[in-house]
Amino acid sequence: MENKPFVFGVATSGENFTDREKETERLLSNFRYGVNTVLISPRRWGKTSLVQKVCTLAESDELRIVYLDIFACRSDRDFYDAFASAVIKQTSSKWEEWVENAKLSAIEILQLPEKIAEKKGCRMVVCIDEFQQIGEFKDSKNFQKQLRSIWQLQKSVSYCLFGSKKHLMNELFEKKSLPFYKFGDAIYLNKIATSDWIAYICGRFEATGKKITRELAEKICLTVDNHSSYVQQLSWLLWIHTDKEATEEIFQEAVEDLLAQNTPLFEKQTEDLTTYQMNFLRAITEGIHTEFTTQENLRKYQLGTSANVSIIKRSLQKKELIEAEKKQVYMADPVLELWLRREFI
């Protein structure tokens, strides 16, 4: 089976991993020097791909990597089980026998990485994906206190914590009243630059015997606002529609295909929204990113009162439909915005 020239919906690696040289170098240094890391960005910007790449580069006899995804965890008990299982599985089967014969307390489970690292004479990095889930646990704040109180004292183990819900991750690590405030080096992923995407897209077309102009490659990026997963997906759709050379007509077909594939999801995401919420999204699609509470915008988009705007913003952030950055509000999903713009028009 031939490798796909463009990969989306899953973590990318090898020749499908694009750019991120600076972030890779910084994260790799953190792993090697035992610096705790918090990685934050919106969904599907490539966090998992970046961490998995660095895990591969960093793994050695002297540095062991533990990786776990806690998306399915709904309680602290679920977390402890997943944590212990990942540490044991990725370090030594002998420890599994030891754990099975012992009734470990929560504290002992959290101390496992340090004990194993000391016994093996190595250091360890524990990478935890979807870390924002702990914010949903019962008595979450005390649970967070316990994690930090133990982890911050470990000398042979460091942690890389990341997740797909940016607003929840921001709250966990930026709120002074919460235990994980200033836990480690915070890395905020930016979008991959258009110039890097153009080189990547043109290169992948060329490697498979097809052609695309730099202008059309740039148009892919602009259409989906450099969103990593969508750049890959739209490039893939354009590639499969192209026999020899991509054209503007084929590009439009690919965009329609992209919208059609995502329409069921977008319909589900918006079907239960209130009129106020839909009006707020409409304002964004028409270029409003600030000043929602001016009398003109309140009246034009029928948003109610200024207080109501705050309620709308919080609810849409919780639904992960919008992102707030530097006092400006944007759609979290650029293709949803494209779809909504077409629906509104």
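This is a predicted model: local features need pLDDT of at least 70, side-chain atom pairs count only at pLDDT 80 or more; totals for chains, interfaces and linings use all residues.
E130 sits in the loop between β3 and α6. What is its phi? E130 has a positive phi of about 60°, although it is not a glycine. For background, most residues other than glycine have a negative phi.

N226, which is not a glycine either, has a positive phi near 60°. Its place is the loop between α9 and α10. Is N226 buried or exposed? N226 is buried, with 9% relative accessibility.

Back to the loop between β3 and α6 for a moment, because Q133 lies there too. β3 runs over 123-129 and α6 over 140-151. Q133 is buried, and its relative accessible area is 6%. Which residues does Q133 touch, once those up to four places away in sequence are set aside? They are I70, F71, C73 and R74.

Now a step back to the whole chain. We have 345 residues, and 48% of them are buried. The secondary structure comes to 15 helices and seven strands. Along the principal axes, the C-alpha atoms fill a box of roughly 65 × 55 × 30 Å. If you take contacts between residues at least 6 apart in sequence, 72% of them join residues at least 24 apart. The chain exposes about 18000 Å², with carbon and sulfur atoms supplying 48% of that. As for charges, there are 48 positive and 50 negative ones, and their mean positions are 6 Å apart.

Let's go on to the helices, starting with α10. Its 14 residues should span 20 Å at 1.5 Å a residue, and the end C-alpha atoms are 20 Å apart, so the two agree. How many of the 14 residues in α10 are buried? Twelve are, so this helix is mostly covered. Among them are Y230, L234, W236 and W239. The buried residues of α10 pack against α8 (194-207), α9, α11 and α15.

That brings us to α11, residues 248-270. With 23 residues at 1.5 Å each, this helix should span 33 Å; the end C-alpha atoms are 30 Å apart, which agrees. Where is the kink in α11? It lies at T263, shortly before the proline P264, and comes to about 50°. T263 is also one of the buried residues of α11, along with others including I250, F251, L258 and F266. The buried residues of α11 pack against α9 (214-223), α10 (228-241), α12 (275-285) and α15 (334-344).

My last stop is L27, in helix α1, residues 21-32. L27 is buried, with a relative accessible area of 0%. What is L27 in contact with, leaving aside neighbours within four places in sequence? The partners are T37, L50, V51, V54, C160 and I187. And for a sense of distance, L27 and L265 are 238 residues apart along the chain, while their C-alpha atoms are separated by 34 Å.

Definitions and conventions: Residues are numbered from 1 along each chain as its sequence is written. Side-chain values use heavy atoms; hydrogens and water are left out. Helices (H or I, at least four residues) and strands (E, at least two) are DSSP runs, numbered from the N terminus. The expected span of a helix is 1.5 Å times one less than its number of residues. The bend at a residue is the angle between axes fitted to the seven residues ending there and the seven starting there. Buried means under 20% relative accessible area, exposed over 50%, partly exposed in between (1.4 Å probe, protein chains only). Contact means heavy atoms within 4.5 Å. Accessible areas come from the Shrake-Rupley method with a 1.4 Å probe; for residues, only the protein chains shown count as cover. Lys and Arg count as positive and Asp and Glu as negative; His and the chain ends are not counted. The place of a charge is taken as NZ of Lys, CZ of Arg, CG of Asp or CD of Glu.
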